[in-house]
Amino acid sequence: MGKVLLTGDRPSGQLHLGHYVGSLKNRVALQNGGEYDCFVLIADVQALTDNFDDPQKVRDNVLEVALDYLAVGLDPTRTTIFIQSLVPALAELTVYYLNLVTLARLERNPTVKAEIKQKGFGVSIPAGFLCYPVSQAADITFCKATVVPVGVDQLPMIEQTREIVRSFNAIYGEVLVEPDALIPDDRVSQRLPGITGTDTKMSKSLGNGIYLADDADTLWEKVRAMYTDPGHLRVEDPGQVEGNVVFTYLDVFGTDRAFIAELREHYQRGGLGDMKVKKYLYEVLDAELAPIRARRAELASDPGAVYALLREGTEKANEVAAATLREVRAAMRIDYF
Ligand code: TRP
């Protein structure tokens, strides 16, 4: 059995550094390793489950997310990048999989539970939203993905997918493949904090993000505003590095380990001002982000070319889906003609 990678993102906003260290870096590395057949989907159907009243936002962000993908190095000659809604087989698989999942199981998914609370749905939960993990199982299984690089918040989705695969195969025969999640090794990358403090995860809805599309000035403004040690009032005071977002980021993005260790010690001892450390962090981040930003701007100048790439990827995804669907229909005894 070949190695197949599938992952994706909801197009409900641009992608930020949390996405970058949490999943984008992993998928680009695996793509470049050449061992995997790679698929990345822009999950517009899933984005509509909680943005059904704002379709233009979803449409606009399909392009934004595609630009982010291409800018970080997803290469359409090696990775099939496609739009979820344009692969109708995914909707068909979802309908079949819904029989294999109970309402109680859907209500138990911890990520969905947290989102329901956060979005304030109360008792009026849209059925489509509650069922999106089933649609995600269709996304993952249509190409028989073996590995799914995701952030830790997505682990319950992979678990639910594995359960669906096991029930399907037990009832209808061995057609589907159980996928494994792939998460970053280090804890901070698994849950990158936002710029306002280490207790909050970087997230669009909290407005604490640094985006791949941010220009250099915006990046500096965000680094300048970063949460440090509120007790570090004068330069001479000893400072705390635990919970200090600037040092947390240096751990994740910095490469000069020895210099960072020295900065940390100096800060703890006293005599090192926040601005100095922030300037250094800005340089570190800008070194990583400047090439991404430049590539993104170039691609953004020709949206037609980006849509053409998505169209090609979507055609390929439909071919793969058609093959799986044939097997699924045969296994389910609904292959009449
Ligand atoms: N749930 C993911 C998110 O919120 C997006 C997604 C949709 C996905 N389908 C997927 C991720 C399949 C991995 C695999 O960003």
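**Grounds for the descriptions**

Author: Ser135 is in contact with Gln84 and Thr94, its neighbours within four places in sequence being left aside. The model is a predicted one.

Reader: What makes Gln31 and Thr79 a polar contact?

Author: The side chains of Gln31 and Thr79 are joined at 2.7 Å, and the cut-off for a pair of N or O atoms is 3.5 Å. The distance lies within that limit, so the pair counts as a polar contact. Gln31 is found in helix 1, residues 17-33, whereas Thr79 belongs to strand 3, residues 79-83.

Reader: How do you know whether Gln31 and Thr79 are buried or exposed?

Author: Gln31 has a relative accessible area of 3%, and Thr79 has 2% relative accessibility. Buried means under 20%, so Gln31 is buried and Thr79 counts as buried.

Reader: Which residues touch Gln31 and Thr79, not counting residues up to four places away in sequence?

Author: Gln31 touches Cys38, Gly73, Leu74, Asp75, Arg78 and Thr79. For Thr79 the list is Gln31, Cys38, Phe39, Val40 and Leu74. Gln31 and Leu5 are 26 residues apart along the chain, and 8.5 Å separates their C-alpha atoms.

Reader: What makes Leu67 count as buried or exposed, and which residues is it in contact with?

Author: Leu67 is found in helix 3, residues 55-72. Its relative accessibility is 3%, against a limit of under 20% for buried residues; Leu67 therefore counts as buried. Beyond its neighbours within four places in sequence, Leu67 is in contact with Arg296, Leu299, Ala300 and Val306. Leu67 and Ala127, 60 residues apart in sequence, are 31 Å apart in space from C-alpha to C-alpha.

Reader: What makes phi worth noting at Lys144 and Arg333?

Author: Most residues other than glycine have a negative phi. Lys144, which is not a glycine, has a positive phi of about 55°. Phi of Arg333 is near 60°, likewise positive in a residue other than glycine. Lys144 is placed in the loop between helix 8 (132-141) and strand 4 (147-149), whereas Arg333 lies in the segment after helix 15 (303-331). Arg333 has a relative accessible area of 64%, and exposed means over 50%; Arg333 is therefore exposed.

Reader: How many aromatic pairs are there, and why is the pair of Tyr336 and Phe337 given its name?

Author: The count comes to 11 aromatic pairs. The ring centres of Tyr336 and Phe337 are 6.5 Å apart and the planes stand at 55°. Phe39, Phe82 and Phe142 form one aromatic cluster.

Reader: What makes the charge of Arg10 sit over the ring of Tyr132?

Author: The charged end of Arg10 is 4.6 Å from the centre of the Tyr132 ring, and the distance limit is 6 Å. Arg10 is described as sitting over that ring.

Reader: Why is the protein called as compact as a globular protein of its length?

Author: The protein has 15 helices and seven strands. Its radius of gyration is 22 Å, close to the 20 Å that the globule rule gives for 337 residues, so the protein is as compact as a globular protein of that length. Buried residues make up 51% of the 337 residues.

Note on methods:
Residues are numbered from 1 along each chain as its sequence is written. This is a predicted model: local features need pLDDT of at least 70, side-chain atom pairs count only at pLDDT 80 or more; totals for chains, interfaces and linings use all residues. Side-chain values use heavy atoms; hydrogens and water are left out. Rings of Phe, Tyr and Trp (its six-membered ring) pair if their centres lie within 6.5 Å; planes under 30 degrees apart count as stacked, over 60 as edge-to-face and the rest as tilted. A charge sits over a ring if NZ of Lys or CZ of Arg is within 6 Å of the ring centre and within 35 degrees of the ring normal. Helices (H or I, at least four residues) and strands (E, at least two) are DSSP runs, numbered from the N terminus. Buried means under 20% relative accessible area, exposed over 50%, partly exposed in between (1.4 Å probe, protein chains only). Contact means heavy atoms within 4.5 Å. The radius of gyration is taken over C-alpha atoms; the globule rule is 2.2 Å times the number of residues to the power 0.38. A polar contact is a pair of N or O atoms within 3.5 Å; within protein, one must be able to donate a hydrogen and the other to accept it, and residues adjacent in sequence count only if both atoms are side-chain atoms.
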